[in-house]
Amino acid sequence: MADERVKTGVPGLDEILHGGLIKGHNILVTGCAGTGKTILCTQFLYQGAKKFNEPGILVTLEEMPNELRKEASLFKWDVKELEEQKKFAIIDAASSKAGLPTGEKFALRRGFDVNTLAQEIYRTTKEIGAKRVVIDSIAGLGMQFEGTINIRTAIFRLSALLREINCTSLMTSEVPAGDVFTRYGVEEFIAQGVILLYLEEEAGELKRSLVVRKMRGTSHSLKRYPFEINDDKGIVVML
Ligand SMILES: Nc1ncnc2c1ncn2[C@@H]1O[C@H](COP(=O)(O)OP(=O)(O)O)[C@@H](O)[C@H]1O
Ligand SMILES: [Mg+2]
């Protein structure tokens, strides 16, 4: 029997993936700063909840929840409305990392550590019946570890949790400019798929493009496709 597919809600990307992501898989989205990782992930959750009735969780480790809501609203993605309907939840891990108090419903209130984060993801998944999860970004896991737990252990642990709860998930990783696409040397092996985002100069202009580098369990295009970020639709891949 064929694996069940999960539409990303990103026009063009589902075609490249020959129908969408595979349900339950954990996908790494990687690229330099400003390549569109956060927008892609937000779109995946927003469209998932809105169009496909799949509640989603955005675990934010760097940006504050209100910044994310505001950025989403520029694309007319009303995240607040979905939060009220319990179809979208933002877990604020950014405040605790920054040592700031938070007024968020879902947050790490007793300081940051990966076990607490895993518990909060688990609890929130049950509360809203989440089918999609985003962790933005795994670089944010890399600081404030106590004892021997390192970032690789953290990535392993979260990845195991994401499989356990049977959600389709994206995790982002920021890489320095250049051809590097893996930062911690494990994430591309752990993830069942890797999507690379690029922002590169071409004839004096920066151009956006993406490529699906790995996607276990499915055929997919290996071409590099240009994409745009537009106010109406967010990310649109040009086929
Ligand atoms: N409303 C918008 N319309 C078009 N482009 C946008 C809009 N908002 C942000 N962008 C572009 O997206 C970039 C940020 O995308 P983001 O997903 O935050 O990147 P990353 O998470 O990879 O650092 C901005 O630098 C800008 O070029
Ligand atoms: Mg980002």
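**Ligand, cavities and strands**

Modeller: By class, the shell around ligand 1 has five nonpolar, four polar and three charged residues. Please keep in mind that this is a predicted model.

Biologist: Which residues surround ligand 1?

Modeller: The shell consists of Cys32, Ala33, Gly34, Thr35, Gly36, Lys37, Thr38, Ile39, Phe75, Arg208, Ile229 and Asp231. Helix 2 supplies the largest share of this shell, three residues.

Biologist: Which atoms of Gly34, Gly36 and Lys37 lie close to oxygen atoms of ligand 1?

Modeller: For Gly34, a backbone N or O atom is 2.8 Å from a ligand oxygen. For Gly36, a backbone N or O atom is likewise involved, at 3.0 Å from an oxygen atom of ligand 1. Lys37 takes part through its side chain, where an N or O atom is 2.8 Å from a ligand oxygen. As for cover, ligand 1 on its own has 580 Å² of accessible area, and the protein covers 66% of that area.

Biologist: How does one find empty space inside a model?

Modeller: Rolling a probe the size of a water molecule over the atoms shows where empty space is left. In this structure there are two cavities of 30 Å³ or more. The largest cavity holds about 60 Å³ of space.

Biologist: Which residues line the largest cavity?

Modeller: Its lining is made up of Thr38, Ile39, Thr42, Leu68, Glu71, Ala72, Phe75 and Trp77. Helix 2 (37-52) and helix 3 (65-73) are the elements that give two or more residues to this lining. Its residues are five nonpolar, two polar and one charged. Thr38, Ile39 and Phe75 belong to this lining and also to the shell around ligand 1.

Biologist: What is the volume of the second largest cavity, and which residues line it?

Modeller: The volume is about 40 Å³. Thr8, Val10, Leu13, Leu21, Leu40, Phe44, Leu170 and Ile195 form the lining, with seven nonpolar residues, one polar and no charged.

Biologist: Do strand 9 and strand 10 run parallel or antiparallel?

Modeller: Strand 9 pairs with strand 10 (residues 205-215) in the antiparallel sense, over 10 bridges. Gly193 stands opposite Met215 of strand 10. The hairpin of these strands has two residues between them, and Ala203 there takes a positive phi near 50°.

Key
Residues numbered from 1 in each chain as written. Chains lettered and ligands numbered in written order. Predicted model: local features only at pLDDT ≥ 70, side-chain atom pairs only at ≥ 80, totals over all residues. Heavy atoms only, no water. 1 Å grid on protein atoms, 1.4 Å probe; cavity = no way out; pocket = protein on both sides within 12 Å on 5 of 7 lines; lining within 4 Å. Points joined across faces, edges and corners; volume = space filled by probe spheres on them. Helix = DSSP H or I, 4+ residues; strand = E, 2+ residues; numbered from the N terminus. Nonpolar A, V, L, I, M, F, W, Y, C, P; charged D, E, K, R; others polar. Pairing = 2+ DSSP bridges. Near = heavy atom within 4 Å. Polar contact = N/O pair within 3.5 Å; in protein donor to acceptor, adjacent residues only side chain to side chain. Areas by Shrake-Rupley, 256 points an atom, 1.4 Å probe, with all protein chains shown as cover.
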